[in-house]
Amino acid sequence: MKLLEDMIKKYGEVRPGNVLKVDGFLNHRIDVGLVKALGEELYKHFRSDKITKILTIESSGIAIAIMTAQCFGVPMVFAKKRKTINLSDDIYTAPVHSYTNNKDYDVMVSKDYIDKSDVLLIVDDFLANGCALRGLIDIAHQAGATVAGAGIAIEKGFQGGGDTLRAEGLKVVSLAVIDKMTDDSLEFRKSE
Ligand code: 5GP
C-alpha cells in the first residue's frame with residue numbers, strides 16, 4: 001500500500017536488532033487518517049470471509065484493529081499481556097516471545113469474548129518471526145473459533161514469519177512488506 005510505504009520511508013527509523021521505529025505515525029503518535037485507510041484496505045481483502053470479530057494483541061495492534069473492526073461492523077477483542085483484577089480466571093492463554101523486548105510472556109483472552117461460532121481476523125501492527133500471530137492463533141483454536149486470516153500493517157519479510165505461515169496455508173495480508181532493511185535503505189516487496 002503506497003500510502004503506508006511512503007510514511008515508512010519518510011518517518012520510519014531503523015534501530016539496532018532489525019527494529020523499525022514507527023512511533024511518529026503508528027506506535028505512539030497515531031495518524032488516525034492513515035490507520036483508518038489501513039482498516040479499509042484490510043476490509044477489502046477479507047470482506048467475503050464472514051468475519052465476526054477482530055482479534056489483536058495489546059497495545060500497538062489496538063488502533064489498527066479498532067479501525068478494521070469498524071469497517072466490518074464487528075467487535076474487536078485484544079489479548080492482554082497482564083493479569084488485572086477485572087480479568088476473570090476463565091481465560092485462554094498462550095505463550096508469546098516478544099520480539100521488541102526479547103522476553104517471554106503469556107497473552108490472555110477471557111473465555112467470555114470469543115467462542116466456536118466466531119470467524120476471526122487477526123490484526124497486528126508488525127509481523128516479524130510470527131510469534132505474536134501464532135500465540136493469537138493458539139488462543140483462537142482453544143476457543144474452537146475459525147481463523148480466516150491475518151491482516152498486518154508492516155511485515156518484515158526478511159525475518160520469514162509471514163512466508164512460513166503462508167506456506168502453512170494461512171491467508172496473510174500485509175499492507176507493506178519490507179524485504180531488505182539497512183540503516184539507510186528499505187526495499188519493499190512488489191505487491192501482487
Ligand atoms: P513477531 O512476534 O512476529 O516476531 O513480532 C511481531 C510483534 O513484535 C508485533 O506485535 C510488534 O508489536 C512487535 N514488533 C516486531 N518487530 C517490530 C519492529 O521492527 N518494530 C516495532 N515497532 N514492533 C515490532
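The sections below take these topics in turn.

## Basis

This is a predicted model, in which local features need pLDDT of at least 70, side-chain atom pairs count only at pLDDT 80 or more, and totals for chains, interfaces and linings use all residues. Residues are numbered from 1 along each chain as its sequence is written, and side-chain values use heavy atoms, with hydrogens and water left out.

## Helix H1

Helix H1 spans residues 2-11, and Leu4, Glu5, Met7 and Ile8 in it are buried (under 20% relative accessible area; exposed is over 50%, partly exposed in between; 1.4 Å probe, protein chains only). Seen down the axis of H1, the buried residues fall within an arc of 160 degrees (directions from the helix axis to the C-beta atoms), so they line one face of the helix. Lys2, Lys9 and Lys10, on the other side of H1, are exposed.

## Ligand site

A backbone N or O atom of alanine 132 is 2.8 Å from a ligand oxygen. For the side chain of aspartate 125 the corresponding distance is 3.3 Å, and for that of serine 60 it is 3.4 Å. The protein covers 91% of the 500 Å² of accessible area that the ligand has on its own (Shrake-Rupley method, 1.4 Å probe).

## Salt bridges

The count is 15 salt bridges (a side-chain nitrogen of Lys or Arg within 4 Å of a carboxyl oxygen of Asp or Glu). One of them joins aspartate 49 and lysine 171 at 3.1 Å, N to O. Aspartate 49 lies in the loop between H3 and strand E3, and lysine 171 in the loop between helix H6 and E9, so the pair ties together parts 122 residues apart in sequence.

Terms used:
Helix = DSSP H or I, 4+ residues; strand = E, 2+ residues; numbered from the N terminus. Polar contact = N/O pair within 3.5 Å; in protein donor to acceptor, adjacent residues only side chain to side chain.
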